[in-house]
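Look over the sequence and structure first.

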Amino acid sequence: MAFLSPQLPSTEEYGVLGEFDSPRSLYRACSQVRDAGYSRWDAHTPFPIHGLERAMGLRDSRLAWLVLALGLGGAASAMVLQWWISVHAYPLVISGKPFYSWQAFEPETFEIGILGGALGAVFGMMAFNKLPMWYHPLFASKRFQRVTDDGFFISIEAWDPKFDVEGCQKFLREIGATHVEVVLR
Amino acid sequence: MPDLNQAGLTITPGTWLYRLPWIGLGIGLAGMAGSAVLAQGHLQEFLHAWLVAFLFFLSIALGGLFFVLVLFATKAGWGVSIRRLAENAMATLPIFALLFLPIAWGAGQLFSWWEGPGEDALLALKEPYLNAGFFLARAAAYFIVWSAIALWFASRSARQDDSGQHSITRRLQAASGPCLILYAFTVTFASIDWIMALDPHWYSTMFGVYFFSGCLVGIFAFLVLVMGILQEAGYVGQVIHKGHYHNLGMLLYAFMVFWAYIAFSQYFLIWYANIPEETIWYLHRMHGTWSNLSLILAVGHFGVPFFFLMSRVIKEKPRLLMAGAAWMLLMHLADIYWLVMPNVYAHGPHFGILDVAALAAVGGVFMGAFGWALRRRALIPVKDPRLPESLQLDHA
Amino acid sequence: MTQTIEDNARYDPVDGRAPLILGGHDFKSLTEAVARPLESKTPPGWWVVFGISLSLLTVFGISIGWLFWEGTGIWGLNNPVGWGFAIVNFVFWVGIGHAGTLISAILFLFRQKWRTSINRSAEAMTIFAVMCALTFPGIHIGRPWVAYWMFPLPNQMGTWPNFRSPLLWDVFAVSVYGGVSFLFWYVGMIPDLATIRDRAPTKLRRMIYGLFALGWRGSMRHWQHYEKMYLLLAAMATPLVLSVHSIVSMDFAVSQLPGWHTTIFPPYFVAGAVFSGFAMVMTLMLITRSVFQMKHIVTTRHLDNMSKIMLVTGSIVGYAYAIEFFMAWFSGNPYERFVFLNRALGPYAWAYWIMVTCNVVSPQLFWFRKCRTSVPILFVLSIVVNIGMWFERYVIVVTSLHRDFLPSSWGYYVPSFWDISTLIGSFGLFFTMFCLFVRFLPTVATAEVKTVLPEADPHFPGDERVIERSDLAPDGGIS
C-alpha cells in the first residue's frame, strides 16, 4: 500500500538528525533553523511544546474546517434519512404525531452530527499527518527511540534546497545540538 | 506586569462615565414620568411592560452575583481583573427592591390568583403558596438574601483594595459555597413567583434553570459590552486584554448553548408528552404572531450566535465580540418578553412606547446605580492576591 | 529542595497549592513510573482482583446464558412493574460512563491541568461502563438475535425503525457515545503507545504496540494537527456527554407517567451521571494508585478536586429532588402529588431514603477538607455514592410504576435471584476489562503529564513561576 510508506528523497541520505537536551534549547534551535531558511525539516518531541509551532513558523492546522463540514454534513444527512424513512419509506402514526416531527428527530440529528465531526477529526488528523506509517527512516536511528521518552530532535531532510550533509551537521552543532548523525534512507 | 498606579483604573471626574449616575437617573426619571402618563387606562399593559424591564435588568444583576460567587468558589485567578465589573452589576441588587414596588402594588393586575382562588379548584389547592401575603414575604426574603450577599461581597472586596489582606479572600471563598446554595433556591423560587405564576395552572420543574441560564447569558453579554466601552473610553487598557475577551466570549457562547439546551429540553418534553395542562403554555406562544417571536428566539438566541460566536477570531476582536454581545442582550430581552407578555397580549407581541418607557425607567435606574458603583472604587480589585495571574492571562 | 509548580498548578498566593506531580520527577522518571506496571512482573494484588473479577464475569455469562435459554420470565418483572433491574442497571452504567469523557473533555477545555493524571483511566472506565450498559438493552429486548432491527438497514420486510421512539434515540446516543469515547481514548493513547513501543525489550512486544502506535514519531508537524484534533474532539465530546444522558432521561421524561414526566430530568440526569462517574473514578483511582504505587502522580490534590466536583454535582442532584417534590405539590395534580408522597412514605420509602442519604447527605461531608483528603473516608464515600445513585434509578423506575392509576393494578416488585446475579455479574465485566487495561496499557497520559512539568516550558528556567517549596503557605502544603 503506497500511501502507508514514506515518500523519500532520491539521495542516499534521508537527512540529518540533531539531538537537543531540553525543550528550551530545542525551542531556540527551531527558531534558528526557521530563520536560516530551511523548509523541509521537522522537530521531534515526546510531548507537544507550547509555542514551538510559532518558533518553527508553522501555519495553523486547518482541521477545524473539515470537522465543521463533516459535522454539519452528518447532522443534515441524519435529518434527511429520518425524514425519508418516516414520511416516505415507512410512514407510521405514532402517538398522533406528524410523520415529519422534527422535534423527535433532533436527538439523532445531533448525535450523528457529532459522530461525523469526531470521525472527521480523527481520520482528518491521520490523513494530514500521513499516519499510519509504520516504517520511517528515522526509526533506524537508535538514539531516536528516546523521542517518545525524553529526547528532543531536529531533522533536516535531504530534499531541502539548502541541504548539504556536512553543512547541516555543522549548523545543527552550532545551534546547540548535543549529538548529530546522518540518517540514511 | 503593568503599572497599577497609572491612570485608567478609576473613572476620571468630568467625563460622561463619571456623570453616568446622573445620566442614568435622568433617563430613569424620564422613563418613569413617561410610564406614568402612558399607564393611564393601560394599567395592565404597563405593569407587564414594567415586569419585563424589571426582570431583564434583574437577570443581569443576578448573573453578576453568580459570576462573582463562582469566581471565589473556584479560586479562579483568570477572572480577577473583570470581577469588579460583575461586582458593580450585582451591587445594584438592593435598588431592585425599590423597582419591585410597582409590581407589588399592581400585583392584582398581573396575577389572577391575587384576590384569592375564587371558583378555581386548582388555585384553591395552590393557595398556601399562591397568596398575596406569602408572595410579598417571599419577595422580601429574596431581596434581603441577594442584597446581603451582594453588598457583603462587594464591600469586602473593596476593603481589600486598601489592605490587600489575604484573609478577606479566604473568608469570601469559604462563604461562596453556602451562598451559591442560597442563590440556587432564591433564584428558582423568584422565577416561579414572578414568571411562572403569571399562568398559575402551568408548571415545569425546569423553569428555575431556564431563568438562570438567561441570567448568565445576560451578565456575560453585559460584561463584554462594559469592558469594550471602558476600553474605548481609555480605561483598563493594560489590565484587560485579548485573553479576557476570549474567555468571556467562551462563557457567553457556552451559556448561550446551555440556554438552548434547557429551552429545547423543556419544550421538547412538553411537546412530546402532549399533556393539555402543560402544552397550553406553549400553545399561547405559538398562537398568532407569537409564533414569529418563538422562531426568532430559536434562530436569534441560538442559531445565528451558534455560528457567529463559534470562531475564536471573532471572540478575540473586541468590536466584533461586542456586536455579538449586544445582539445576545437584545435576544435575552426578547426571551423575557416572550415569557411574560403572552399573559396580556394573546395574539402577538405588541412592543410599543409603553415598553420603551418601562425599559428606560428600570434601565436608567440600573445604569445609574451601576455607574455610581463604577466610579466609587477602582475598576479592578487592585490588591487582590490573584490579580497577577489574571494580568498575565495567556489564552492558548 | 526546589519544588517547581507550573501554570494552574502554579503557586497560589492565597491558599498555596500542592504541586500536581510529587517526588521531583523529570521526563525520564515519569516514563519509567508509568511504563513500569506494564513491563514489570504482575503484582500479586492484580491477580487477586483479576481472579475475583473473572469469577464475577462468569456469573454474568451464566446469568445471560440462562436468560437466553429461559427468557425474561426468570426476572422479577411483571405487571405493573414491567421495567426493572435491566433498565436500572443500564442507566446506572451509562451514568458511570460519563465521568471519563467529562474529565477529559470539559477539564481539557477549561485548561485544568490536574486532569492529566487521571484522564486516561477515567476514559477507559467510560468505555467499559458503556460496554456494561449496552449489554442490558441488548439482553432485555427478549429477542437479542434481531437486535439489528434497531438500525436503519434495508431489509426484505421493507420495515424501518421508528425514529420517534426515545428507545431508538438511546441506541444511537449510547453507540455514538461509546464510539466517540473510544476514539478519544485511543488517539489520546497513541503517543504513549509509541513510548511503550520504543522501550519494548522483545520484538513481538514492539510489533504489537507499534501496530497501534501507527508509526508515531513525535513530529512537531504531527503534534500540531494532533493537538487541534484533540481540542476539537474535546469540544464535541462535551455536548455529547450532556446529550447522551439527557437522551437517556428522555426514555422516562417523554412519557406521561407521573414521576417520570418532569422537565428537569435532562440536566438532573446529567448531574447525577457525573456524580456517580466521579465516585467510580475515585474508587478505581484509590485502588490503582495503591496497587501500582502511583501516589506521586495521582496526588491528594487530585482527590481533593474530584471530591469538590462530587460535592457540586451531589448538591445539584439534591436541588433537583427538592424542586421535583415542590413542583409535584405545586402542580395541584393529585397523581403527581401521590407519586412523590408515595416515594417518600410508601412501601419503597426505604429505597428513597437510602437514595437521599447516600446522594445528598453523604457528599456534604466534602465541605470539610479533612474528608476530601482522607483516603479511607473517600473510599467509603465513593462507594456510598454509587450505591445511592443505583438506588436513584431504582426509585425512579420502580416507584413510579408499582402503583398504577387504578388501585387494582398496584403491586410490589421484588427482584429475582437472576436479577441480582446479572447486576453483580456486570461488575465482573467492568472490573475484568479494567484489570486488563491497567496491566497492558499506559494508565496515565504520560505525554500530557510531561507537559505539566515546569521544564516542559520552553521558557524555563528564569521563569518567575518557579517557586521555592518553602514559600508555600502552610495550609496549602499537602503532600
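Which residues line the largest cavity?

## Basis

This is a predicted model, where local features need pLDDT of at least 70, side-chain atom pairs count only at pLDDT 80 or more, and totals for chains, interfaces and linings use all residues. Residues are numbered from 1 along each chain as written, chains are lettered from A and ligands numbered from 1 in written order, and side-chain values use heavy atoms, without hydrogens and water.

## Largest cavity

The lining brings together Tyr203(B), Ser204(B), Thr205(B) and Glu278(B) with His261(C), Thr262(C), Thr263(C), Glu324(C), Met327(C), Ala328(C), Glu336(C) and Phe340(C). A cavity is a set of points on a 1 Å grid over the protein atoms alone where a 1.4 Å probe fits but cannot get out; lining residues have an atom within 4 Å of a point. The space comes to about 90 Å³. Volume here is the space filled by probe spheres set on the points, which are joined across faces, edges and corners.

Two elements give two or more residues each: α9 (300–331) and α10 (334–345) of chain C. α9(C) gives the most, with three. Helices are DSSP runs (H or I, at least four residues), strands likewise (E, at least two), numbered from the N terminus.

## Second largest pocket

This pocket holds about 730 Å³. A pocket is an open set with protein on both sides within 12 Å along at least five of seven lines. Of its 30 lining residues, Asp42(A), Phe128(A), Lys130(A), Arg221(C) and His222(C) are the closest to the centre. α7(C) gives the most to the lining, with four residues.
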